[in-house]
Amino acid sequence: MARNHVTTTINGDPVEFLCDTEQTLLDVLRDELHLTGSKEGCASGDCGACSVTMDGRLVCACLVLAVETQGAEVETIEGMADGDRLHPLQQKFLDHAALQCGVCTPGFLVAAKSLLERNPDPTESEVRYWLAGNLCRCTGYDKIVRAVLDTAAEMRE
Amino acid sequence: MAAVEKIIENRIDDKTTDSKALKWVGTRAPRPDGVDKVTGRAKFGADTHLPNMLIGKVLRSPHAHARILSIDPSAALALPGVKAVVTRDDFPDQPAGAVQPAGEMIINYRDMTRNIMAREKALYEGHAVAAVAAVSDRVAGQALTLIKVDYEVLPHVIDVDEAMGADAPLIQEDLITEGMDPAPEKPSNIAKRVEFGHGDIETGFSQAQVVIEREFKTRPVHQGYIEPHACLASFSEDGQADLWCSTQGHYVARGHCATLLGMDVSKLRVTSSEIGGGFGGKTVVYLEPVALALSRKACQPVKMVMTRDEVFRASGPACGTSMQVRIGATREGKITAGDATLKFQAGAFAGSPVPAAAMCAFAPYDLEHVRSVGYDVLVNRPKVAAYRAPGAPLGEYAVESVIDELAKALELDPIEFRLLNAVREGVDSSYGPKFGPIGCIQTLEAARDHDHYQTPLGSGQGRGVATGYWFNIGGQTSATLNLSEDGSVALVVGTPDIGGSRASLAMMTAETLGIELDKVRPLVGDTSALGYNMLTGGSRVTFAGGIAVVGAAEDLIRQLCERAALTWDLPLDDVEWIEGEARPANGRAGSEAPMSMAEIAKDMAKSGGPIVGRHSTNAQGAGPSFGTHVVDVDVDRETGRVSVTRYTVVQDAGKAIHPGYVEGQYQGGAVQGIGWALNEEYIYDEKGKIENAGFLDYRVPVCSDVPMIDTVIVEVPNPEHPYGVRGVGETPIVPPLAAISNAVENALGIRFTELPMSPPRVLAAIEQAG
Amino acid sequence: MRYEVPETVDAAVALLAAANGSARILAGGTDLLVQLRAGLVEPDVVVDIKKISQTRQVTAQDGGFRVGAAVTGAELDEHPDLKKNWPGVVEAAELIGSTQVQGRATMGGNLCNASPAADSVPALIAAAATCQIAGPDGERTVPVESICTGPGKTILGTGEFVVSLILPARPPHSGDAYLRFIPRTEMDIAVVGVGVSLTLDGAGQCIAARVGLGAVAATALLVTEAADALVGTAVDEGAVEKMQQAVRAACRPIDDKRGTIAYRTQVSGVLAGRACRIALERAGEH
Amino acid sequence: MAKIVLTGNLRLYTGGETELELNAGTIRSLIRKLRERYPDLPESLEDELAISIDGTVHQDDWFARIQPDSEVHLMPRIAGG
């Protein structure tokens, strides 16, 4: 069976890969490109651990066929820091102890970044609803929400 | 040596007299694994790849209960790309009655080998029946469809009360109930009866003016860690093997796997990956021995990762229960007797946490007459696994619900009623031993005095309170401090870091050594790097690991002082370790310039060679932790939806090494409890199959479901720990079930005795109440 | 499994027709990928319709809107005119899944997946929306309520697909609303969903109404009796109560893991009342 | 002599006895003496026990000291999540 040849951009870099049609973007990121920062928690779009952006839209990589990324711009957690400078959200998550086991953290960060790009001054409720697709079982969400709100406040300054 | 002991003693005094003297302990220091986790660099169970790696997949029983007549893998093996198939025939049977201590649990390996791969019967839907290793996920999946299994479907039972009935299908045909006198002659699904208590409950009830008795029923819930079970096994032709896996205890996993595969323990090296949540669910093995068996057969590395569906069908869960509780009190509010009967679903194999539940049920109360009886009952569900304070949330849900009703009947404030009966140091616990220093009263008082409890409720809202208890544990723990030539140290521990323990252990190390925190690099070593380590669980790591790292730091200090003494040509007694440097002491004070760790390290080759601080211990004296939760709810009377509007956790930490991660434990436990109370449950069809094996319909709380979770850290130091630590991870999940149920009662005037309080149940109760 | 990404409606129809039933249409993929992963569907070819420009645009048409079948929920939210005219429809589409799912999920997919609990469908039914369907025999236009025939089943024939949804022009004093019940605040499938659309006259009398009902039968329902209870009234409490009774009477739900018959029936009336009041308020504003 | 309290199901092996006095300086010695006194105690007894000496809980701790006036409780081993 012929595999699909895909040319795409991931975290600003040109990437080419071959994939089966049924392979998701998450499968290719993790198993072919070894970008394992995006996590598989459910493979059904219910946990958000594989959150990435595609052409600027927040999506679950498990709900995108890899072949659909032809010509697209994909951003993953691996592209969030700028060289050795953490994104303010990454720093605030550390400052606020907003992670425990850390497996949901990449998804939360990618999702929160997408929120702040659209809404630099979200309310607590807006943060909570925007992040409702990202499950965290360790923190009870409190410190995550605080970290996002604090980042937003700092980035507005 | 004497000098070192003195320093440690001083530090303990510092803690109790002036906590400001501590430089790291009690601060919100950055966590050493943090950057890896916010950048996606951290490697979790499924994140490792090896050259020539195969993918393993499990064929699972579609039946809740079935005899396995035959398994024919020939067609699967003939499929190109399939490298190995394993079934029950690939695991040696384990002797009957062989129980062994393995980590924290007593393990029955005869049961465990049957749980990881069904033998005579498949005992629950999702039970592993065979496994394949193939060149790709797709080929492995295709191969599964080619394995022919001939089943004889048997009647099944999933409800605990039905399973205890005389006519229930027997899950294990030869099971005779333990703990009965006389022992029953006929087999049943009741694995064990336990009883705790003291006094005479009927005498106690005869002294009561108010007696309330209720029956409760709860559904099983899953730990719900976001990372599915995952491992990578690599077996060599010479019988040596490596295993990478997401586990709460890689030493414990090593022991289980070696036993199940019949190999020398030391031939297997296990490396724990970063672990994406466990909550008790990753204290046992599922995929690991299967991946090793496949790798042994295929002579290639085999990676196995559960799907979320498999996680729900074949791992965890925590028990469902059926419980009766009766409590009596005088009109003045003194509890005269408490009696509980707790029936817990163990799943397909014996071993529910009902003993712990029976011990914890009345633990917050000082009772003269108390009895709690527990039954461990087999059903056709996955074998239960530990879930945060295993068993305690359930027994205490029932007891704390009745306590709340009593307070209402006696027209007493629920916290004051609890305070009238609460345990304090020196009181006999309901399960036996006297309590040492504990913080039960302190958490109740702090909850009562908290702004939350003092703030009037909004219209239609309800407020609930509950208190919870967990023992906490110690156990075998090792730590090594390797001094580097520049004076920085590598701290190697053997307990997987599930929520920030590298931070807390490094902080205690730096504190004891008197050095900068960033000079300590903490790592979790593999099973060959250190002596034995019990798993991460039971809230033990900051307690027992703390004792180990402080011991290793003391050992390092002793050697550093020795090198300084040799260098200065002074007796060891005339050298002391202060603020991270060796100084001449006693009459020699000031005779030599102090030597820092870096200076001693620079010349360690010349002064005697490498310096390694070590400590191995079987830590004893874990400090129990009490917590009191206050919660406000709003109930939509037309749809039955319960919304949590405010939540406060008050808990005794002993000493919070890193307050941020202590608060995180409190908050996370509370929100898991909210899920347990309101929406989480396994739903089965009439054939005994799970209908909601996914995060869509197994409803863990999402971010928009919950409010901020306030926390109050009470610190009643544990005298058995150098910094006073008790352990905090378990207790936060104990009070929420009752606290929320009590709040709903307060809002609606309806007592719920069933969990979860999902909207259909709540609306039905509202309509019934008219 | 082959992947095809046609750029015209005709090319898509040709691919679908050639596949002779073994093709699946990929719009947002939020249902299709889950079904593929679970092995529920095994198509020979996946036809991605997102490069067909008509499926990706929201355009004004005849005073109403033509919404491409593959426009995502997130994109609908960014269309102020559409939101102003059909707030209930946009809200319903936005309730589908998480923010991540919103980045992909489409109303066309939500409809053609034919789940009885699809959030956007009761709102589209209440809005009297129609579907523009392309196929080997040309185009046809069909009311939304006629598309689904049962769980997972539609009237679409071989080679046919929904290109766009048409929302009619809004008379003055109109308003719509959609509410659903889920156990959590997000991330669940609707246990009950109710869409209500109203038009009032200048005096506040209801002159037109439609009520769509989801998750209480094998397909989403248009409940004309419920609408009839409102037309000719001032949408007062008595009329709303009658409407609620009609909604409950129309329910033919099942007991399942998401809700009971009794619960769904009871709550459908509750939500119908609440949605009606919101629609009324909106009608008063426009 | 230390006061020894047997909780849970241990009474099934002791003819119903739940409290006794024994001279035992350590947990190991205590277990040996209990075995002598109650031969029915199961082989796996030790592995299934937690032992509280004056309120401090010990698990797998043979040489923990028991004072002549200690109060010792034998109870099931405690695990965790």
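Analyst: A term to begin with: two strands pair if DSSP finds at least two bridges between them. Also, this is a predicted model.

User: Which residue stands opposite Trp244(B)?

Analyst: Leu232(B) stands opposite Trp244(B), which is in β12(B).

User: What do β11(B) and β12(B) form?

Analyst: A hairpin, with five residues between the strands. Gly239(B) sits in the turn and has a positive phi of about 90°.

User: Is β12(B) enclosed by the rest of the structure or exposed?

Analyst: Largely enclosed. β12(B) spans residues 241-245, and five of its five residues are buried, so the rest of the structure largely encloses it. The cut-off for buried is 20 or more other C-beta atoms within 10 Å of the residue's own.

User: Which way do the β12(B) residues point?

Analyst: Ala241(B), Leu243(B) and Cys245(B) point one way. Asp242(B) and Trp244(B) point the other way. All of these are buried. As background, side chains in a regular strand alternate between the two faces of the sheet.

User: In what sense does β12(B) pair with β13(B)?

Analyst: In the parallel sense, over five bridges; β13(B) is residues 268-272. One pair to look at: Asp242(B) has Arg269(B) in β13(B) as its bridge partner.

User: What unit do β12(B), α8(B) and β13(B) make?

Analyst: A right-handed β-α-β unit. The helix in it, α8(B), is residues 250-261.

User: Staying in chain B, what should helix α17(B) span?

Analyst: It should span 40 Å, because it has 28 residues (541-568) at 1.5 Å a residue. Its end C-alpha atoms are 39 Å apart, which agrees.

User: New topic, chain C. What is the strand order in the open sheet?

Analyst: β4-β5-β10-β6-β7 of chain C: five strands, with antiparallel pairing. β4 (58-61) and β7 (138-143) of chain C stand at the edges, each with a single partner strand, so one side of each is left without a neighbour in the sheet. The twist averages 25° from one strand to the next.

User: How many bridges join β5(C) to β10(C)?

Analyst: Four. β5(C) is residues 64-68, β10(C) is residues 161-167, and the two run antiparallel. Val67(C) stands opposite Leu165(C) of β10(C).

User: What about domains in chain C: where are they divided?

Analyst: Domain 1 is 51-167 and domain 2 is 174-285. Their centres, taken over C-alpha atoms, are 20 Å apart. In the contact, 24 residues of domain 1 of chain C meet 26 residues of domain 2 of chain C.

User: Which elements give two or more residues to the domain 1 side in chain C?

Analyst: α5, α8 (120-126) and β8 (148-150) of chain C. Helix α5(C), residues 87-94, is mostly covered, with six of its eight residues buried. Among them are Gly88(C), Val89(C) and Val90(C).

User: And chain A, where is that divided?

Analyst: Domain 1 is 4-79 and domain 2 is 88-156. The C-alpha centres of these chain A domains lie 21 Å apart. Their contact takes 13 residues from domain 1 of chain A and eleven residues from domain 2 of chain A. β3(A), residues 51-54, gives the largest share of the domain 1 side, three residues.

User: Last bit, between chains. Which chains share the most contacts?

Analyst: Chains A and B, of the four pairs of chains in contact.

User: How many residues does the contact take from chain C and chain A?

Analyst: 22 residues from chain C and 24 residues from chain A. On the chain C side, α2(C) gives the most, with four residues.

User: And chain D: how far apart are its closest C-alpha atoms from those of chain A?

Analyst: 13 Å, and no contact joins chain A and chain D. Chain C and chain D do not touch either; their nearest C-alpha atoms are 26 Å apart.

Key: Residues numbered from 1 in each chain as written. Chains lettered and ligands numbered in written order. Predicted model: local features only at pLDDT ≥ 70, side-chain atom pairs only at ≥ 80, totals over all residues. Expected span 1.5 Å × (residues − 1). Contact = placed C-beta atoms within 7 Å. Buried ≥ 20, exposed ≤ 12 C-beta atoms within 10 Å, placed from the backbone. Right-handed = clockwise from strand over helix to strand, strands pointing away. Axes fitted to C-alpha atoms, helices over the stretch in contact; angles between N-to-C directions. Domains from an automatic or database assignment.
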